[in-house]
Amino acid sequence: MAVLNVNGKALNHSADPRTPLLWVLREQLNLTGTKYGCGIAQCGSCTVHIDGVATRSCQVPVNSVGNRKITTIEALAANGTLTKIQQAWVELDVPQCGYCQSGMIMAATALLAAKPKPTDADIDAAITNICRCGTYQQVREAIHAAAKA
Amino acid sequence: MTIHQTSLRRPSLRRRGFMVSGAAVAGGFSLGFSTFGVAHAAEAKELNAWVVVMPDDKVVIRIARSEMGQGTLTGLAQLVAEELECDWSKVTWEYPTPGENLRRNRVWKNFSTGGSRGIRESNQYVREGGAMAREMLIAAAAAEWKVPAAECSAANSVITHKGSGKKLTYGAVAAAAAQLEPPKEVKLKDVKDWKIAGKPVKKLDTLDKVTGKQIYGIDFTMPGMLVATVRACPVIGGKLKSFDAAKVEKMPGVKKVVAIDGNAVVVVANTYWNARTALAALPTEWDIGDLGKVSSESIAALLTEGLTAPEAFVGNKVGDAKAAIDGAAKKVEAIYSFPYQHHVTMEPMNATALVTADKCEVWCGTQNGEAALAAASEASGLPVAKCDVIKLMLGGGFGRRGRSDYVRQAVLVAKEMQGTPIKLMWSREEDMTHCQYHPITMCKLTGGLDAQGNLVGLQVRISGQSILASLLPGNLVNGMDPATFQGLMAGGAEAAYGYNVPNLLIDHAMRNPHITPGFWRGVNVNQNAVYMECFMDELAEAAGQDPLAFRMKLLKPKWAAVLKAAADKAGYGKPLPEGHFHGISQVMGYGSYVAGVAEVSVSPEGHLKIHKITAATNPGHVVNPAQIERQVAGSFVYGLSAVLYGEITVKDGAVEQTNFDSHNVMRIDEMPRVETVLVPTNDFWGGVGEPTIAVAAPAVLNAIAKATGKRVRNLPLMHHELKKGA
């Protein structure tokens, strides 16, 4: 058994040490809000925060995480209140199929933490997540709206 | 905002009913056959197939089509709620199962969700369902008050008696209403009286998608479930020759290694990661035969031959095009091509199946629940009455999940391990290489202009792949695939050609490579719009005329109106910022008329920037303008991604692209601002999920030609040097 610091809790898992964090979260800890899209850190669907840094969990071996703090989409509204980013997402009705949106929101959350008033260029640089439904226009609007909230 | 406040619309009867949506399966349990039939919650009163009313006034609207981000469930619920006269804030939704549909004589009719048909094909009967339920609720209240129903009216989930002012809520009379005979006829509301439909209400399924709670097929789990992953022959159509299960059977978590359908190997393990790791280590040999000789080059040669072949299926013919072109003052000719495209849904294919001696259950995202049910029955060998499919949210569809190949695979594996639920998941690599791809075609266009620059004759020869010949051969008409001519058809309400050309011949030399084709968002409207709308610009240029003016002389009224709406909104013809250029296009598809104006610039270094796209749509009726805007903007991401990067190539018989590193797609930094213009004429019902994609590519290509003087006739753009003088 190994321990991970996930969403403020110490959680045990029995995965092989080389297993990507993504699959430990999804299959061992039942945190399925973090999605599999490519497995090669291209699409961003698996984005989580490790010590606050937006990270693609499909390329992070679980044994490399140590006791760093992992935050997943499930923890953003853990106290029952949506974050201002989630709220902006709801207000602007951003998701379509929604599959990429956990990763989008995690990336946007990290962006606003680093740059509270991002420019369009900041968004272009930070949000490299793939959405195939094409929510990009609403994602951009929602990030700006959350920055103003 | 608290989650509690925004969770009011979560269905409450689903766990106890026979129907489910994502939330009901989050805990992971088998519904089992005991939940079919009449196992409603006792307090849930079904007024008809579409409407269930709870004592607390909550309204559950049944949605037969599949939600995959296009907003169909919200739009359909709006139409039911409009006629029901219910309080929209009390509306929630659920999916009936395809098995239940069969048992009830297909009371929910067609489950198929493709061809932008959700609203345009079911608006009449779902509105009637809402209206009938309303009349039954009114009749129940009138009976309780012992007054004529004609003296009562309904609004906002409350029935009011005009004379006495008495009021009853829907929940209070639902039990009595459910006992009444439905009215034989109902009158539907005039569009001008709509209060819920036609309004930009928010989607009903957003909250769980921002908190990570939404359960997609890939997230589904149940007690005792094992996870399988598959590798099919890398050459589509090839066979499995051998595999060495002993090499991986003792790897961590591995439970079983099986071959299915003679063309694929599957590893079943305790987790996906263990299954995937073992599958990667599994030695396999394939028999690909002569298919290994096929390449993109050999396919191009096959299609090139078709461009001038004597035999072709005629899709649209007016007068004598050849004679008119031969006698024309000026002849213009061009050859275009459009490559294979992959859907690349963000969620790779997956399905969970449980097979026992006498039942087969499947949980999956599907665009066609009834086809998935048929696949489950066929693969399990059990009669369809002993099977069912519980639909889960789709992480993208775009046509891909209209096929049930992944359902079949899951059931075949589950059949090998009876009593154990099996979640079969495809890797991205498996998904990329075993799609049903947007078909490959080429097109030769020849036009004749008279001395005044009028188009007197036009020949369009399409050469390439037919979707129907591969997937639905029964739908061919004397061997011809009518769908090949989408957007170019002689008439009809679906995808008719908009230009009046005095002498016209559009035909198709069918050439079918082994790469399986399929329906890809927008289907054949996509390449047909590129061919026709880019060539229209070439003809206009040859005629020395403005592309808009040239088209306006030829276009029929509804096509012209939507193009003018887009051009007006974009300020076409007015000065643009230096270095910016407009390109235009139009098409009819899925019953709707659409047009686009692209504003682009190309830097001296050849860097393309798509600044803005103005898109006009006449979908007949507008059920939710906000969701149409999202569909239009989203469809441009899909269409422009194909323009910029989209291409599936073939080497040694196999698809070469395997993941996003070899198949790039558009990201937010390349997303132009999209402005949507809605110009509904309220005299028909058209689709919105697909048609606008098709105008993205030709509008951008036409603008690039203006900016650079270069006419790009082969996609994707990543292969072209746009630098001036290059």
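A nonpolar core is a set of buried Ala, Val, Leu, Ile, Met, Phe, Trp, Tyr and Cys residues joined through C-beta atoms within 7 Å. Keep that in mind for the first view below; the model shown throughout is a predicted one.

**View 1. The largest nonpolar core has 277 residues.** Helix α18 of chain B, residues 693-708, gives the core its largest share, with twelve residues.

**View 2. A close-up of B:V700 and its contacts from elsewhere in the sequence.**

**View 3. Four strands of chain B form an open sheet with mixed pairing.** Follow the strands in the order β1-β2-β3-β4. Strands β1 (45-48) and β4 (91-94) of chain B stand at the edges with a single partner strand each, so one side of each has no neighbour in the sheet. From one strand to the next, the twist averages 30°.

**View 4. Strands β3 and β4 of chain B run parallel.** Four bridges join β3(B), residues 59-62, to β4(B). To find your place, look for B:V59, which stands opposite B:V91 in β4(B).

**View 5. Helix α4 of chain B lies across β1 and β2 of chain B.** This helix covers residues 118-145, while β2(B) covers 51-53. How is α4(B) angled to β1(B)? The helix runs at about 120° to that strand.

**View 6. Here chain B meets chain A, with 50 residues of chain B in contact with 49 residues of chain A.** Helices α1 (3-6), α6 (207-211), α7 (272-281) and α17 (625-644) of chain B each supply at least two residues of the side that touches chain A. Which of chain B's elements gives the most to this side? That is α17(B), with eight residues. By class, this side of chain B has 23 nonpolar, 16 polar and eleven charged residues.

**View 7. Stepping back, chain B holds 18 helices and 27 strands.** Its radius of gyration is 27 Å, close to the 27 Å that the globule rule gives for 726 residues, so chain B is as compact as a globular protein of that length. Along its principal axes, the C-alpha trace of chain B spans about 80 × 75 × 50 Å. Buried residues make up 58% of the 726 residues in chain B.

Terms used:
Residues numbered from 1 in each chain as written. Chains lettered and ligands numbered in written order. Predicted model: local features only at pLDDT ≥ 70, side-chain atom pairs only at ≥ 80, totals over all residues. Pairing = 2+ DSSP bridges. Axes fitted to C-alpha atoms, helices over the stretch in contact; angles between N-to-C directions. Contact = placed C-beta atoms within 7 Å. Buried ≥ 20, exposed ≤ 12 C-beta atoms within 10 Å, placed from the backbone. Rg over C-alpha atoms; globule rule 2.2 N^0.38 Å. Nonpolar A, V, L, I, M, F, W, Y, C, P; charged D, E, K, R; others polar. Lists of a residue's contacts leave out its neighbours within four places in sequence.
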